[in-house]
Amino acid sequence: MGDSSHTSDDRLHRRGLMFILSSPSGAGKTTLSRMLLARDSEIKLSVSATTRPPRPGEVDGVHYHFVSPQEFDRMVEEDDFYEWAHVFGHRYGTPKGKIRAGLKDGKDVLFDIDWQGTQQLYQKDQQDVVRVFILPPSLEELHRRLTGRATDSAEVIAARMERARAEISHWDGYDYVIINDNVDVCFEKVHAILEAERMKRQRQTGLIPFVRGLMG
Ligand SMILES: Nc1nc2c(ncn2[C@@H]2O[C@H](COP(=O)(O)OP(=O)(O)O)[C@@H](O)[C@H]2O)c(=O)[nH]1
Ligand SMILES: Nc1ncnc2c1ncn2[C@@H]1O[C@H](COP(=O)(O)OP(=O)(O)O)[C@@H](O)[C@H]1O
């Protein structure tokens, strides 16, 4: 179809969305984010900057921009961040990049950020933000996952478990809440939310010309 209200695969033009996945550490949001990026080519990760050191397998510029505290200070001074927060003794921030321009073009952005960042993004841009919170089936299982991941020392795991209750207490600041028991089942739910949110009437900016065309 040569109609400008259509994208190439015959869907209507739409505004992109900001898809936020948050959870207590170890509940599975990184796993789910990676599954989503692998399955869905229309959504791209917002790569945060952090002062935390890389874990084995983490690639600079792919999973995070790993920066020194001095570099982070400079980015804050230059107003490079949409939002930033202290988490587990390190700083994490969302670079502004081209997010806003991308939304207009129908580009979706995935954010793996905590509740503080979620609140800040939501305050700035309510209409584009979709907030999803992932819960573990139990605290015992959360501890098993943090231990099984084998990326953190016993002290760090203890600190993350300590913080888990506080993080869980923010569940009511989210639009959707999913328990990550079976990861494949949980992933299908996350993907279904993304697909449904894309169909929201307000996001489908191509609807008016399309319907006008239908009505002749
Ligand atoms: N506010 C905010 N939080 C972030 C950002 N990037 C990562 N986080 C959060 O920081 C926390 C710690 O992340 P990380 O050290 O990778 O450990 P994880 O919890 O095991 O994924 C998680 O809750 C992330 O969602 C960011 O740019 N802004
Ligand atoms: N549903 C699940 N069942 C069992 N293990 C899981 C599940 N989801 C994630 N994991 C594992 O738990 C650990 C923590 O998951 P991760 O995605 O790193 O969590 P987060 O990013 O929330 O800290 C990883 O080793 C991951 O493979």
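A crossing of two helices counts as right-handed if the near helix is turned clockwise from the far one by less than a right angle, and left-handed if anticlockwise. The model discussed here is predicted.

Me: Is the crossing of α1 and α7 left-handed or right-handed?
Reply: Helix α1 spans residues 29-39 and helix α7 residues 183-198. Their axes lie 10 Å apart. The crossing is right-handed.

Me: Which term describes how α1 and α7 are oriented to each other?
Reply: The two helices pack at an angle of about 60°. Roughly parallel needs an angle under 35 degrees, and roughly perpendicular starts at 65. The pair is therefore oblique.

Me: How many nonpolar residues are in the contact of α1 with α7?
Reply: From α1 come Thr31, Leu32, Met35, Leu36 and Arg39. They meet Val183, Cys186, Phe187, Val190 and His191 in α7. By class, 2 residues of this contact are polar and 1 is charged, while the nonpolar ones number 7.

Me: Which element gives the most residues to the shell around ligand 1?
Reply: The shell holds 18 residues, with Ser25, Ser48, Ala85, Tyr92 and Gly117 the closest. Elements giving two or more are β5, β6 and α4. The top contribution is 4 residues, and it comes from β5.

Me: Is Leu121 buried or exposed?
Reply: Leu121 sits in helix α4. Among the residues it touches are Met18, Ile20, Tyr82 and Phe111. Its C-alpha atom is 9.3 Å from that of Ile20, 101 residues away along the chain. Since 22 other C-beta atoms lie within 10 Å, Leu121 is buried.

Definitions and conventions: Residues are numbered from 1 along each chain as its sequence is written. Chains are lettered from A and ligands numbered from 1 in the order in which they are written. This is a predicted model: local features need pLDDT of at least 70, side-chain atom pairs count only at pLDDT 80 or more; totals for chains, interfaces and linings use all residues. Axes are lines fitted to C-alpha atoms, for helices over the stretch in contact, and angles run from 0 to 180 degrees between N-to-C directions. Angles under 35 degrees count as roughly parallel, over 145 as roughly antiparallel, 65 to 115 as roughly perpendicular and the rest as oblique. Two residues are in contact if their C-beta atoms, placed from the backbone, lie within 7 Å. Ala, Val, Leu, Ile, Met, Phe, Trp, Tyr, Cys and Pro count as nonpolar, Asp, Glu, Lys and Arg as charged, and the others, Gly among them, as polar. A residue is near a molecule or strand if its C-beta atom, placed from the backbone, lies within 6 Å of it. A residue is buried if 20 or more other C-beta atoms lie within 10 Å of its own, exposed if 12 or fewer, and partly exposed in between; C-beta atoms are placed from the backbone. Lists of a residue's contacts leave out its neighbours within four places in sequence.
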